[in-house]
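The structure is shown first.

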Amino acid sequence: MKASLIDGQAIAAALREDLARRVSHHVAARNRKPGLAVVLVGEDPASQVYVAAKAKQTVEIGMRSIEHRLVTETTEAELLALIDRLNRDETVDGILVQFPLPRQINPDHVIDAIAPSKDVDGLHPINVGRLASGGMGFVPCTPRGSLKLIKGVRRDLSGLHAVVVGRSNLVGKPIAQLLLAENCTVTIAHSRTRDLAGTCRQADILVAAVGRPKLIGAAHVRPGAIVIDVGINRITDGETGKSRLVGDVDFDAVKDIASAITPVPRGVGPMTIACLLENTLESYERRLGNASRFDVATDWLRNSGNIQP
Ligand code: NAD
């Protein structure tokens, strides 16, 4: 069997076009653009590339990009004060703080400080809880994009066995939750899983989110499986000596076994920013509907002392 290629680049472009249409409709009616604030602390080169790409695509679909670049020495108190201002700013619909942060800043304090109604990365405990309990929260962007790619191949996932390799809060766990909500039988494999290949071979849908180049090979894939490769690993090519990106899946070894597969690059990667923009637009649209249930929850947390004002 020759797998069909899942073209994340094209699917993300189509999603951005659709978002741009919705944005222009809103702006014509209300004269306010949806706004995404991106906060970058320090000089991490990869983060600078991501932040620039996010800002560019935000503006391209007609939304407002608000960038805050802070020096590496920024204190946690200074960053939390900025987040507080962005939480209160009526023109800001989404807040994204780029990770990793410098050592003096505790990422959990930062995640907890972002208003859940503007947490377009979906990392705040309220949104994590909503995802787990089937409520209306923000879903992290890479998992949301991965599910769109899977559903582009097969609409009804009910009863399928999904194996997710990786259990991070950012990728593995939320993808597993989304697949469970689609009525899949879900197995989460990780670094302590015994017989990884045997576990993966049970999968109708196999998602690799590990960060190990070509960990998943022919022995891991059941004939006809849908394979989603979330991994992004930079390796040096033995033949050319040049560096290039590869996924967690050995594409060449698997492409004639799977029924559909994402490449790296141009697979899951482009979906992440497109879904960030979608989350931001949805935040704007919810705000039009006035006081959201998120903010009620945030007020409760703040009053109970769990969020520092
Ligand atoms: P992480 O390091 O937080 O988690 C990796 C997970 O893999 C852990 O749960 C660990 O248990 C598991 N693991 C490690 N070694 C293993 C092994 N030998 N066998 C089985 N499981 C093993 O990483 P993350 O943030 O979840 O990211 C995973 C990958 O996805 C990375 O390559 C990252 O660059 C990529 N990523 C891509 C996007 C995108 O937009 N496409 C977004 C986020 C992350």
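Two residues are in contact when heavy atoms lie within 4.5 Å. By that rule, Val230 touches Thr142, Ser146, Val171, Ile175, Val207, Ala208, Ala209 and Val268, leaving aside residues up to four places away in sequence. The model is predicted.

## Domains

The domain assignment divides the protein chain into domain 1 (29-116) and domain 2 (141-269). Taken over C-alpha atoms, the centres of domain 1 and domain 2 are separated by 29 Å.

## Nonpolar cores

The largest nonpolar core has 46 residues. Val230 is among those with the most contacts inside this core, together with Leu157, Leu179, Ile205, Val207 and Ile228. Elements that give two or more residues to this core include helix 1 (8-30), strand 2 (35-41), helix 6 (141-153), helix 7 (172-181) and strand 7 (205-208). Helix 10 gives the most, with 8 residues. At least three residues of this core come from each of domain 1 (29-116) and domain 2 (141-269).

Apart from this core lies another, of 17 residues; Leu196, Ile216, Val249 and Val254 are among them.

## Helix 3

Helix 3 covers residues 76-88, 13 residues in total. From first C-alpha to last, helix 3 reaches 19 Å, close to the 18 Å expected at 1.5 Å a residue. Its buried residues are Glu76, Leu79, Leu82, Ile83, Asp84, Leu86 and Asn87.

## The loop between helix 7 and strand 6

Glu182 is placed in the loop between helix 7 and strand 6 (185-189). Leaving out residues up to four places away in sequence, Glu182 touches Leu147, Lys151, Leu157 and Ser158. Glu182 and Ile261 are 79 residues apart in sequence, and their C-alpha atoms are 20 Å apart in space.

Asn183 lies in this loop too. Its phi is near 70°, a positive value in a residue other than glycine. Asn183 has a relative accessible area of 51% and therefore counts as exposed, the cut-off being over 50%.

## The loop between strand 11 and helix 10

Pro265 lies in the loop between strand 11 (260-261) and helix 10. The peptide bond from Val264 to Pro265 is cis, with omega near 0°. Arg266 lies in the loop between strand 11 and helix 10, and its phi, near 75°, is positive in a residue other than glycine. At 49% relative accessibility, Arg266 is partly exposed.

## Other local features

Phe99 and Pro100 are joined by a cis peptide bond with omega about 5°. Pro100 sits in the loop between strand 4 (94-97) and helix 4 (107-113).

Arg286 lies over the face of Phe138, 4.5 Å from the ring centre.

Note on methods. Residues numbered from 1 in each chain as written. Predicted model: local features only at pLDDT ≥ 70, side-chain atom pairs only at ≥ 80, totals over all residues. Heavy atoms only, no water. Lys NZ or Arg CZ within 6 Å of the ring centre and 35° of its normal. Helix = DSSP H or I, 4+ residues; strand = E, 2+ residues; numbered from the N terminus. Expected span 1.5 Å × (residues − 1). Buried < 20%, exposed > 50% of the residue type's maximum accessible area, 1.4 Å probe, protein only. Core = buried A, V, L, I, M, F, W, Y, C linked by side-chain atoms within 4.5 Å. Domains from an automatic or database assignment.
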